[in-house]
Amino acid sequence: MLRSIARLQRPVLKACRVSVRGYQVARLDSSLKTKYDSLTDYASYRNNIFTHRLPESTASQSPPLVALHSRLNLPSSYTLSTLSQALNLNKFDDGLANNFGLNTLGKNLLSYYVAEHLLVKYPRLPMPIHNGAVDSLMGVETLYEIGKSWGIDVDQSSKLEKYLSQESEFLKYGKLRFVSEESKNDVKEPGVYELSEDEVSSLKRNNSFVAKEIEAYASAVRSIIGGLYTHAGEEATKAFIEDHILSRKLPLEQMFQFSQPTRELIRLCDKLNFTEPVEIRLIAETGRLSAHPIYVAGAFCGVEKLGEGVGSSLSEAKTRSVVNALMSYYLYSPISADGTDVKLPSDKNYKFEGIIGIGDVAI
Amino acid sequence: MPVKAIAKSSIARNGVGAYVVPCHKISVQYCNWGGSSTGLRELLKNGQLDNIASKKKGIFFDIFKRTGHPKLTFHYNNDKAQEVEVANLNAKEIEQKIQEYSQRSGAPLFKHNHKVLSINDSIRGIWSPMHTPKSHRHQI
């Protein structure tokens, strides 16, 4: 009997299958109840969903919010209500404004300053590594880590639990709010994490899993940066991004994965119009018959040594020398005439220094 | 594609650029009846804890009453919480405990036996016997 039911269900599922569009289509979020005069008149778009901002007097009574404000050394012009809004991801949470706009603003600011920093500091970085470095500095995982290090807590207790533990209602305004009221009441099994529908669909789409909490922390960090821009302006935001994000150590030298380094080096030398051929020469060795032979090889172009590598076999030393030559080219970082870092285009009195990369080589 | 990227997360360096206090919350538990809470009650009554809290603006002090011995719980940003028993301690000693634990990073203490603790490569490089001139090399 069971088998026959299972058989019956299959063709039904197949019939329901909808062909998936391969491209992105902008669609209005119907839950925002957007009204407009004409479809192309974007200025007339108004969301009619009822939202209000948290009064400053209420926000200032939330100890975690005030503590977060001073922990991040935010200027006094940065209102606590905006900070609280930056921590709210729920669209329908007591009618409070959420961080959607602040998140977008923060994301744009972040991607500008991170890209500017990388392009000026490492002008010769190949495109895949550049993208990896951007992810390394402002990817979801990194922003989650930053959010955690700022001591942001998640509001996970339901209204009933808050009432029973006599928790102050103001406390939640200083916490990250992304769990909906219904899922707070769900029974949770310790050690078991149930995927939400969004998470399952993202898993199917690009085969990568980002937990809702990680995305929420990242969004809060971006929103706090967006809020800083709205209250304190661009200079303060730039300084904040430099202090909190660009000050992190970027392990660029661990991010390269070469498939054919020797060929790449030869192509690169061609592209740079080096007339002499690339040669790998043995610089020193401990002796072939020694217990643990070690070879030092160098990648040369004429009399110029491009790179050097140590290996326990000739081929290892050769590959290491070639990879070192490539790395020292790609990771070149210009400095200004007085030995300081090169100025960024967003700096005052900016004058172009340094170099512009000539682009990647093709193999 | 000649070169592929290996995904790596950047490493936090708290204090390079901005410094964020690792301890973000201190839970202070006291009992209104027990004798072991006398010191903590005094600290709460004479407004000394208010002074400490106003000096440490980045830390959220959560004060609650519960029966049993008094306890301080320090919450750090590496998801660790450190409980400190303050039973029968006087106000001064409790204040010292708060000062001490609020300045910690939350990581377990370890004995540091090395001259340098760094995540950066040595700027001078490592000495290599292969790079000395041939005349200076060790002869067997």
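In which sense do S3(A) and strand S1 of chain B pair, and over how many bridges? In this predicted model, strand S1 of chain B, residues 3–5, runs antiparallel to S3(A), and three bridges join the two strands. Within S1(B), B:Lys4 is the residue that stands opposite A:Gln257.

On chain A, 42 residues are in contact with 27 residues of chain B. Strand S3 (256–258) is one of the elements that give two or more residues to this side of chain A, along with helix H3 (63–71), helix H6 (127–138), helix H7 (140–149) and helix H11 (212–246). The most comes from H6(A), with seven residues. By residue class, the side of chain A that touches chain B holds 20 nonpolar, eleven polar and eleven charged residues.

Chain A itself is divided into domain 1, residues 49–251, and domain 2, residues 256–330. Between the C-alpha centres of these two domains of chain A the distance is 46 Å.

Chain B has three helices and five strands, and from the N terminus on their order is β-β-α-α-β-β-β-α. Chain B is more spread out than a compact globule, because its radius of gyration is 25 Å, well over the 14 Å that the globule rule gives for 140 residues. The C-alpha trace of chain B spans about 80 × 45 × 25 Å along its principal axes. Of the 140 residues in chain B, 22% are buried. Among contacts in chain B with a separation of 6 or more, 72% are between residues 24 or more positions apart.

Methods. Residues are numbered from 1 along each chain as its sequence is written. Chains are lettered from A and ligands numbered from 1 in the order in which they are written. This is a predicted model: local features need pLDDT of at least 70, side-chain atom pairs count only at pLDDT 80 or more; totals for chains, interfaces and linings use all residues. Two residues are in contact if their C-beta atoms, placed from the backbone, lie within 7 Å. Helices (H or I, at least four residues) and strands (E, at least two) are DSSP runs, numbered from the N terminus. Ala, Val, Leu, Ile, Met, Phe, Trp, Tyr, Cys and Pro count as nonpolar, Asp, Glu, Lys and Arg as charged, and the others, Gly among them, as polar. Two strands pair if DSSP finds at least two bridges between them. Domain bounds come from an automatic or database domain assignment. The radius of gyration is taken over C-alpha atoms; the globule rule is 2.2 Å times the number of residues to the power 0.38. A residue is buried if 20 or more other C-beta atoms lie within 10 Å of its own, exposed if 12 or fewer, and partly exposed in between; C-beta atoms are placed from the backbone.
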